[in-house]
Amino acid sequence: MAFASPYQTYIPLPSDSGGEDDGHEAHLSLVPIHIVTHASQLPIEFLSPSPEKQLVVGFDCEGVDLCRYGTLCIMQLAFSDAIYLVDAIQGGEKLMKACKRALESNFITKVIHDCKRDSEALYFQYGIKLHNVVDTQIAYYLIEEQQGRTRAPDDYISFVGLLADPRYCGISYTEKKVVRVHLKQDPKFWTRRPLSESMVRTATDDVRFLLYIFYKMMEKLNERYLWQLAVRGALYCRCFCYTDNEYADWPSIPTIPDYLTVEESAPEQEILSVLNIPPGKMGLVIGRKGASILSIKNSCNAEILIGGEKGPPDKVFIIGPVKQVRKAEAILRGRM
């Protein structure tokens, strides 16, 4: 069934020249924007994933306090020939559940910037275990590491910052600041219907560059870092989705491939550890102005995440190589 779309946008696609470009010479393609309230408006190859038709899609979510307790309002999907804004408010649970196979599929790569809260919202609100992601925030720092640059423990590249980097896009995303002002003035901004042109444009801009960035990044990463990207994407997706079953129903984490184990400096398997913090002890873990947690991060080659205001409030999540995770656990227990 075909649906007319009153909206269109340009998306950057990889150059056909095969050469390295500077991020400003992408081939621009004009594509329609579809607002989706029923599953029949989505491509069949997305709803029914198959190994014969593997896809890469840009992915993001918008909502009110996007986490387990908030409200997921829009899910954006960027294909090479169209962008789909899946309206979770009007389409409801039936529409979101129709997307479950695709979001959990090995055959569809979801390209997203910082997957943690999106994954948490999908899991607790719709029972969807987001899987097979390429997180461009993770990829950015793996490329930096591969090229010999070091990263400060609390240095996180924002999507605005990534877009501004000339190695990937080199564009200014000033509209994002305008939306942040709207969100402060109207916290229920993303629940308003019908969608305004401003809402459509903002939701679209959050995904329309992702496929281009994805291909630029894949060119830069070697096999070792591509494996790390897959592993960390899987770990970050499940990070805030902790329940009493300890991820027993989630897909398995990619193991170290054989072609990497033969190297002299074979990588160590990476894991996620969830540390329960006793009542009243989180302050000791964080320290004054975050000094304690920062010193722990500086001591270990592991990512240490805290739920903060969105929670969960009594847990610390540690991601990294096994030995570094165990080291972080020991230091944290000592602080408590």
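R151 and E303 form a salt bridge, with their closest N and O atoms 3.3 Å apart; the rule asks for a side-chain nitrogen of Lys or Arg within 4 Å of a carboxyl oxygen of Asp or Glu. Across the interface of domain 1 and domain 2, that rule finds two salt bridges.

Some ground rules before going on. This is a predicted model, where local features need pLDDT of at least 70 and side-chain atom pairs count only at pLDDT 80 or more, while totals for chains, interfaces and linings use all residues. Residues are numbered from 1 along each chain as its sequence is written, and side-chain values use heavy atoms, leaving out hydrogens and water.

**The two domains**

Domain 1 covers 8-14 + 24-238 and domain 2 covers 268-334, with bounds from an automatic or database domain assignment. Their centres, taken over C-alpha atoms, sit 27 Å apart. The contact (heavy atoms within 4.5 Å) draws 19 residues from domain 1 and 15 residues from domain 2.

How much area do domain 1 and domain 2 bury between them? About 1,400 Å², with 54% of it on carbon and sulfur atoms; this is accessible area (1.4 Å probe) lost on putting the two parts together, summed over both. On the domain 1 side, R117, P153 and L235 lose the most area to domain 2, together 33% of what that side buries.

Seven residue pairs, both at pLDDT 80 or more, are in polar contact between the domains. That term means a pair of N or O atoms within 3.5 Å; within protein, one must be able to donate a hydrogen and the other to accept it, and residues adjacent in sequence count only if both atoms are side-chain atoms.

As for who supplies the domain 1 side, α4 (116-126) and α10 (223-239) each give at least two residues, and α10 has the largest share with seven residues. Helices here are DSSP runs (H or I, at least four residues) and strands likewise (E, at least two), numbered from the N terminus.

**A look at E223**

E223 is found in helix α10. Beyond its neighbours within four places in sequence, E223 is in contact with Y259 and L260. K176 is 47 residues from E223 in sequence and 34 Å from it in space, C-alpha to C-alpha.

**Strand pairing**

Strands pair if DSSP finds at least two bridges between them.

| Strands | Sense | Bridges |
|---|---|---|
| β1 (residues 7-13) and β2 (residues 27-36) | antiparallel | seven bridges |
| β2 and β5 (residues 83-87) | parallel | four bridges |

T9 stands opposite V31 in β2, and H34 stands opposite Y84 in β5.
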